[in-house]
Amino acid sequence: MTTPPCANAAVLLRSDERGLLLDRTVFYPLGGVQAGDAGELRLADGRVINIADTRKGKGEGAQGEILHLPAPGQDGLRAGLRAGGVMRTPRQRAAHGSSTSIPAHHRR
């Protein structure tokens with residue numbers, strides 16, 4: 001079951017060589033011994049973006065950023081796109097004890 005796009009959908013703030021930055025996320029970044037989350041972003045226009053990894057932003061001005069690293073071949077992503085929901089892979093859902101569908105309105 002997926003979450004349909006809604007008024008609380010996350011908004012893509014930036015898409016560049018570092019990754020995708022959303023205004024909010026439920027994906028956990030790489031940290032300590034925990035791998036970064038992988039899964040899908042479901043965009044309001046119906047596309048599904050495969051996320052291969054999630055990392056913390058590095059460098060000046062990146063404090064607190066959580067970057068979603070899309071799998072190769074995920075083109076046409078631009079600021080302003082809305083993500084109606086996110087899903088973690090089964091491996092991550094089990095590790096975090098969360099449901100199969102997670103609303104994008106949860107804050108990071």
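A salt bridge here is a side-chain nitrogen of Lys or Arg within 4 Å of a carboxyl oxygen of Asp or Glu. Arg55 and Asp53 make one of these, with their closest N and O atoms 2.7 Å apart. The model is predicted, so local features need pLDDT of at least 70 and side-chain atom pairs count only at pLDDT 80 or more, while totals for chains, interfaces and linings use all residues. Residues are numbered from 1 along each chain as its sequence is written, and side-chain values use heavy atoms, with hydrogens and water left out.

**Overall layout**

- The protein has one helix and seven strands; helices (H or I, at least four residues) and strands (E, at least two) are DSSP runs, numbered from the N terminus.
- Read from the N terminus, the order of elements is β-β-β-β-β-β-α-β.
- Of the 108 residues in the protein, 43% are buried; buried means under 20% relative accessible area, exposed means over 50%, and partly exposed is in between (1.4 Å probe, protein chains only).
- Take the contacts between residues at least 6 apart in sequence: 61% of them join residues at least 24 apart. Contact means heavy atoms within 4.5 Å.

**The nonpolar core**

- The largest nonpolar core has 13 residues; such a core is a set of buried Ala, Val, Leu, Ile, Met, Phe, Trp, Tyr and Cys residues joined through side-chain atoms within 4.5 Å.
- Leu12, Leu20, Leu41, Leu43, Ile49, Ile51 and Leu77 are the residues with the most contacts inside this core.
- The elements giving two or more residues to the core are β1 (10–16), β2 (19–22), β3 (39–43) and β4 (48–56).
- As a general point, nonpolar side chains in soluble globular proteins tend to be buried together.

**Strand pairing**

- β3 and β4 run antiparallel and are joined by four bridges; two strands pair if DSSP finds at least two bridges between them.
- The two strands β3 and β4 form a hairpin with four residues between them, and Gly46 in the turn has a positive phi of about 100°.
- Within this pairing, Arg42 stands opposite Val48 in β4.
- On to the next pair: β4 and β5 also run antiparallel, with five bridges between them.
- Here Ile51 stands opposite Pro70 in β5.

**Ile51 and its surroundings**

- Ile51 sits in strand β4 and is buried, with a relative accessible area of 3%.
- Leaving out residues up to four places away in sequence, Ile51 touches Leu20, Phe27, Asp37, Ala38, Gly39, Leu41, His68, Leu69 and Pro70.
- Ala38 is 13 residues from Ile51 in sequence, and their C-alpha atoms are 5.2 Å apart.
- Pro72 is in the loop between β5 and β6 (82–88) and counts as exposed at 80% relative accessibility.
- Pro72 and Ile51 are 21 residues apart in sequence, with 9.3 Å from C-alpha to C-alpha.

**Asp37, one of the residues Ile51 touches**

- Asp37 belongs to the loop between β2 and β3 and is buried, with a relative accessible area of 0%.
- A polar atom of the Asp37 side chain lies 2.8 Å from the backbone nitrogen of Tyr28.

**Charged pairs**

- The count comes to seven salt bridges.
- Salt bridges with shared partners join Arg14, Asp16, Arg18 and Glu65 into one network.
- Arg14 and Asp16 meet through their side chains at 3.0 Å, N to O; Arg14 is buried at 19% relative accessible area, and Asp16 is partly exposed at 25%.
- Glu65 also forms a salt bridge with Arg14, with the closest N and O atoms 3.1 Å apart. Glu65 lies in the loop between β4 and β5 (66–70) and Arg14 in strand β1, so this pair ties together parts that are 51 residues apart in sequence.
- Both Glu65 and Arg14 are buried.

Notes. Polar contact = N/O pair within 3.5 Å; in protein donor to acceptor, adjacent residues only side chain to side chain.
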